[in-house]
Amino acid sequence: MENKKSSANSAQVQMLQAIGGGVSGALTRFVAHPFDVLKIRFQLQVEPLKKRSDKSKYAGMYQAFSTIFREEGVRGIWKGHLPAQVMSVTYALVQFWSYEQLHTAASQYKFGRDHVHLSYFMCGGLAGCLGTVVAQPFDVVRTRVVAADPGTTAGTLKPLSGVHKVFKREGLRGVSSGMLMTLVQIYPLVGANFVIYKFLNHLTFTILHFLFEEKLHRKISREIPGGMLFVNGAVSGVLAKVLVYPADLIKKRTMLSHFQEDRKSFGLNPICNTIMLCIRTTFANEGLLGFYKGMWPTLFKSGVMSACYFTIYDYFNNHFTVPYKKLERDQKNDKNKKN
C-alpha cells in the first residue's frame with residue numbers, strides 16, 4: 001500500500017504556497033488584462049457583434065481594440081487593471097493555498113489516492129470557490145470600472161474604497177452581485193482546469209519517458225520542460241472555459257444591473273435584474289449564440305491566463321516550496337536519528 005503523505009503542511013510551507021499563488025496571479029493578470037477588458041465589453045453589448053451592424057459599438061477583436069484605443073487611449077485597453085490586479089492576487093493566493101491544503105488532506109484517505117483525477121477535480125473546484133468568495137467584491141468593482149463610461153462615478157472606483165462605496169450604497173447584495181453564477185461556473189471550471197492540466201502533464205510525462213527511456217525520479221512538473229507546461233496550461237484553460245462560458249456571461253450581466261446610468265454610450269443595456277430574467281431576455285433578444293458573446297477574446301484570455309497561472313506557480317513551487325519541504329523533512333529525519 002502507498003505510504004500516506006504528511007497530514008499537513010507547516011506554516012512556513014503554507015506561506016510559500018500562498019506567496020506562489022499571489023505571484024502567479026499578479027504576473028498573469030498583467031499579461032492577460034486587455035483580453036479581459038474586451039471580454040467584458042463584448043459580454044455587456046446587447047447589439048450583435050457583427051461588422052455590418054450600424055447599431056453595434058464593437059464588432060470584432062481588432063475593431064474593438066482600435067475603437068477603445070481611439071476613444072480612451074492606452075489607459076482604456078488597461079482600464080480597471082488596479083482592481084483587477086487586487087482581485088487576481090487575492091483569488092490566486094487563496095485558490096492555490098487552499099488547493100494544496102485540500103489535496104494534502106485528500107491524500108490521507110484511500111479514496112483520494114485511488115481516484116486521483118477525481119481528487120484533482122474536487123479539490124480544484126472547492127479551492128476555486130473559496131478564492132471566489134474572498135475576491136468577488138473586487139471583481140464587482142473591476143467589472144464596473146471596465147464597463148462604465150469614462151469619467152463616471154463607476155468608472156473611477158478604486159479597489160478598496162470602491163468596495164466600501166458599493167457596500168455603503170447597495171449593501172451586501174451590491175458587493176456580492178453575480179456571486180451565485182460565479183460559484184455555479186467556478187467549481188466545474190477550476191475543477192476541470194486542474195484535472196485536464198494534471199492529465200496532460202501525466203500524458204506528456206509518459207510520452208517523454210517512452211521516447212527517451214529515462215528513469216525520472218523527480219516530480220512530474222519538474223521533469224516537463226517549461227514550454228510544454230505552458231501549452232498544457234493553455235489547452236486546459238481553453239477546454240474548461242468552453243464548458244462554462246454561458247454562466248460567465250450571465251454573471252457579468254447581473255453585475256451590470258445596478259449601474260446602467262453609468263454606461264449610456266455603449267448602446268442598449270441588458271435586462272438582467274435576476275438570473276432567470278437575464279437568461280430569458282438574452283435568449284429572446286439575441287438567441288442561443290447570445291450566451292457565447294465575447295467567447296473568442298475569452299478563450300485567448302483563458303488560454304494565456306491558465307498557462308501563466310500553472311507555469312508560474314509550478315516554477316515557484318519547484319524552486320522554492322519543494323526544496324523547503326525537503327529541507328524540513330531532512331531536519332526532521334536528522335532529529336529523529338539523534339533521538
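## Core and cavity

Of the 36 residues in the largest nonpolar core, the ones touching the most other members are Tyr91, Phe96, Tyr99, Ile186, Phe194 and Tyr309. Keep in mind as you look around that this is a predicted model. Two or more residues of this core come from each of α3, α5, α6 (159–175), α7, α9 and α11. Helix α7 gives the largest share, nine residues.

Leaving aside residues up to four places away in sequence, Ile186 touches Tyr91, Gly128, Cys129, Thr132 and Gly191. There is also a second, separate core of 12 residues, with Ile40, Tyr58, Ala147 and Leu256 among them.

The model has one cavity of 30 Å³ or more, and the largest cavity holds about 560 Å³. Its lining is made up of 30 residues, and those nearest the centre are Tyr91, Ile186, Leu189, Lys301 and Tyr309. The elements giving two or more residues to this lining are α1 (11–43), α3 (81–106), α5 (116–147), α7 (179–212), α9 (226–256) and α11 (295–338). Here α7 provides the largest share, seven residues.

What classes of residue make up the lining of the largest cavity?

| Class in the lining of the largest cavity | Count |
|---|---|
| Nonpolar | 11 residues |
| Polar | 10 residues |

Conventions. Residues numbered from 1 in each chain as written. Predicted model: local features only at pLDDT ≥ 70, side-chain atom pairs only at ≥ 80, totals over all residues. Heavy atoms only, no water. 1 Å grid on protein atoms, 1.4 Å probe; cavity = no way out; pocket = protein on both sides within 12 Å on 5 of 7 lines; lining within 4 Å. Points joined across faces, edges and corners; volume = space filled by probe spheres on them. Helix = DSSP H or I, 4+ residues; strand = E, 2+ residues; numbered from the N terminus. Nonpolar A, V, L, I, M, F, W, Y, C, P; charged D, E, K, R; others polar. Core = buried A, V, L, I, M, F, W, Y, C linked by side-chain atoms within 4.5 Å. Buried < 20%, exposed > 50% of the residue type's maximum accessible area, 1.4 Å probe, protein only. Contact = heavy atoms within 4.5 Å.
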